[in-house]
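Hello,

Here is the structure for your files. My notes on it follow below.

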2 protein chains.
Amino acid sequence: MEKQNIDWSLYLCTDRRLMSSSTIEENVECALKGGVTAVQLREKECSSREFLELALRVKGLTSRYGVPLIINDRVDIALAAGADGVHVGQDDLPCRTVRQIAGPDMLIGVSVSALDEAIRAEQDGADYLGVGAMFPTGTKTDAEVITLDLLKEIRKAVSIPIVIIGGINMNTAPQFKGLGIDGIAVVSAIVAQPDVEAAARGLLELWKA
Amino acid sequence: MEKQNIDWSLYLCTDRRLMSSSTIEENVECALKGGVTAVQLREKECSSREFLELALRVKGLTSRYGVPLIINDRVDIALAAGADGVHVGQDDLPCRTVRQIAGPDMLIGVSVSALDEAIRAEQDGADYLGVGAMFPTGTKTDAEVITLDLLKEIRKAVSIPIVIIGGINMNTAPQFKGLGIDGIAVVSAIVAQPDVEAAARGLLELWKA
């Protein structure tokens, strides 16, 4: 998968605690049918072996849809599963360290909620940024909420793709159009919906309209 | 550190919940002064960033004493910290996968409690085995206890070094001498003792006598 060809429009982050489907694979496949353009797998509770096996199964799905699979935090799982990327927050391994151990081809995303974090991530070799939280969110209650002005400053300061995250849904997404943002990252607005496929399709149409 | 020169006699596994000292670094340094010959760092609760920073600090200590530092489970942390090895259980990444992502120089240890697990680990490129639990232990309450006969079978079946683990202390260690076992792995018999350095020294003298 060529890094520069990736469509960041609709970036799905999984959360097994919020899912409306019985398995993560089911949930992800419905979201892929609905048109999500990137998938991040986030698992904090299971063993490394279970995480790897899940990642391998989900990689099978994302590959069929030509969509990158990105692993949250665990560079070793990303490497072991042949995932396309790894996403790190400010409490995970530093971007520069991830690049050293993951090599030049692995996509690296970094969560940032401050201008200096964004600039440093780009300097350290990040391929994209997850910027937020844009709104308070039940998914990550400790996430700092940032202003629209800060988002615009970050957009001006870096040239790598930006996806916004935190409370993004059908109601809140439209206000971020026309700001040079590459995509929206969502958790509950897809995984927790009664019709996951329709939820994904609706968000994608809204964002791309 | 040349793999074949490693002294496995007294293998310390950390456990911050059991420590008698206020920090892991303090605890490990006392154990190093007492003569432990290998250190495994095991952290399940902290963030990846905290684990890395702790591993880098402990690597500074173990290097001064010429002792290998081995990271439990997290291959990415081992690579990022420049640790000497990684130790995986049956619920962690498979040994063969670890070898692929960690390269030929990284020490890989595998926990086994069955003959077939031991043989497979050696075939898959493990550098040593942690065999146990030899006794029921409060440190890992779900660990299966194995018989002395099984330990002897495993010793006959593989040629890589073996350390035994699970309830090993001053009282239980002597019965395993003369069986071709390379060392004893301990948690509470060192980290939970009022005098960590003396506890390590006592165990080392007992095992080497």
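Asp182(A) is partly exposed, because its relative accessibility is 30%; buried means under 20% relative accessible area, exposed over 50%, and partly exposed in between (1.4 Å probe, protein chains only). Its partner in a salt bridge is Arg155(A), at 3.1 Å from N to O. A salt bridge here is a side-chain nitrogen of Lys or Arg within 4 Å of a carboxyl oxygen of Asp or Glu. Arg155(A) is in helix H6 (residues 148-157) of chain A and Asp182(A) in the loop between strand S7 (162-165) and strand S8 (183-186), so the bridge ties together parts 27 residues apart in sequence. Helices (H or I, at least four residues) and strands (E, at least two) are DSSP runs, numbered from the N terminus. Arg155(A) counts as buried because its relative accessible area is 15%.

Before the rest, the conventions. This is a predicted model, in which local features need pLDDT of at least 70 and side-chain atom pairs count only at pLDDT 80 or more, while totals for chains, interfaces and linings use all residues. Residues are numbered from 1 along each chain as its sequence is written, chains are lettered from A and ligands numbered from 1 in the order in which they are written, and side-chain values use heavy atoms, with hydrogens and water left out.

Other salt bridges

Over all chains, the structure holds 30 salt bridges. One of them joins Glu29(A) and Arg64(A), at 3.4 Å from N to O. Glu29(A) belongs to helix H1 of chain A and Arg64(A) to helix H2, so this pair ties together parts 35 residues apart in sequence. Arg64(A) is exposed, because its relative accessibility is 58%.

In chain B, Asp124(B) and Arg96(B) form a salt bridge with their closest N and O atoms 2.7 Å apart. Asp124(B) sits in the loop between helix H5 (115-123) and strand S6 (128-132), and Arg96(B) in helix H4 (residues 95-102), 28 residues apart. Asp124(B) is buried, with a relative accessible area of 14%.

Between the chains

Arg49(A), Asp76(A) and Leu93(A) supply 34% of the area that chain A buries against chain B, more than any other three residues.

Two salt bridges are counted between the chains. Asp73(B) forms a salt bridge with Arg74(A), with the closest N and O atoms 4.0 Å apart. Lys44(A), Asp73(A), Arg74(B) and Asp76(B) are linked in a salt-bridge network.

Inside the chains

Asn27(A) is in helix H1 (residues 24-34) of chain A. Asn27(A) is buried, because its relative accessibility is 2%. Not counting residues up to four places away in sequence, Asn27(A) touches Met19(A), Ser20(A), Ser21(A), Val191(A) and Val196(A).

Ile190(A) is in contact with residues including Leu10(A), Ala31(A), Val196(A) and Leu203(A), leaving aside neighbours within four places in sequence.

Regards

Notes. Contact = heavy atoms within 4.5 Å. Buried area = accessible area lost by both parts, 1.4 Å probe.
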